[in-house]
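The sequence and structure are shown first.

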Amino acid sequence: DLHYPLRRQRQMCIRDSSTPCIGVCQYDNEDICRGCFRTLDEISNWALMTEEERKEIMKKLNQRAESLF
């Protein structure tokens with residue numbers, strides 16, 4: 001199958017780019033999503049970020065969640 005390498009690459013990309021998104025996209029006045037607690041900029045740039053950058057953001061999400069509720 002000529003498309004196998006592309007499919008494999010896409011599967012790897014999806015697996016590596018885990019996301020905190022739960023499909024509840026509502027934003028507060030500071031553009032923080034009430035579903036995943038990422039900023040609008042973080043969500044927009046998620047696919048472009050390195051795995052390390054994503055991990056750093058993931059570390060901040062619990063604190064943001066607590067401050068919102």
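Glu-52 and Lys-55 are both found in helix H3, 3 residues apart, which corresponds to about one turn of the helix. In this predicted model, the two residues form a salt bridge whose closest N and O atoms are 3.9 Å apart. Lys-55 has a relative accessible area of 42% and is therefore partly exposed.

Helix H3 spans residues 51-68 and also holds Glu-51 and Arg-54, which are 3 residues apart, about one turn of the helix. These two residues form a salt bridge with a distance of 2.9 Å between the closest N and O atoms. Glu-51 is partly exposed, at 30% relative accessible area, whereas Arg-54 is buried because its relative accessibility is 7%, under the 20% limit. A further pair in helix H3 is Lys-59 and Glu-56, again 3 residues apart and about one turn of the helix. Their salt bridge has its closest N and O atoms 3.1 Å apart. Lys-59 counts as exposed at 60% relative accessibility, while Glu-56 counts as partly exposed at 40%.

## A buried arginine without a salt bridge

Arg-38 is located in the loop between helix H1 (4-16) and helix H2 (40-45). This residue is buried but has no salt bridge. The nearest side chain of opposite charge is that of Glu-42, 6.0 Å away; a salt bridge is not counted at that distance because the cut-off is 4 Å.

Leaving aside residues up to four places away in sequence, Arg-38 touches several others, among them Thr-19, Pro-20, Cys-21, Asp-31, Trp-46, Ile-57, Leu-61 and Arg-64.

## Nonpolar core

The largest nonpolar core consists of 6 residues: Phe-37, Trp-46, Met-49, Ile-57, Leu-61 and Ala-65. When residues up to four places away in sequence are not counted, Met-49 touches Glu-42, Arg-54 and Ile-57.

## Overall architecture

The protein chain has 3 helices and 0 strands, giving the pattern α-α-α along the sequence. Of its 69 residues, 25% are buried. Among contacts with a separation of 6 or more, 38% join residues 24 or more positions apart. The chain exposes about 5,500 Å², of which carbon and sulfur atoms supply 53%.

Note on methods
Residues numbered from 1 in each chain as written. Predicted model: local features only at pLDDT ≥ 70, side-chain atom pairs only at ≥ 80, totals over all residues. Heavy atoms only, no water. Helix = DSSP H or I, 4+ residues; strand = E, 2+ residues; numbered from the N terminus. Buried < 20%, exposed > 50% of the residue type's maximum accessible area, 1.4 Å probe, protein only. Contact = heavy atoms within 4.5 Å. Areas by Shrake-Rupley, 256 points an atom, 1.4 Å probe, with all protein chains shown as cover. Core = buried A, V, L, I, M, F, W, Y, C linked by side-chain atoms within 4.5 Å. Lys, Arg positive; Asp, Glu negative; His and termini not counted.
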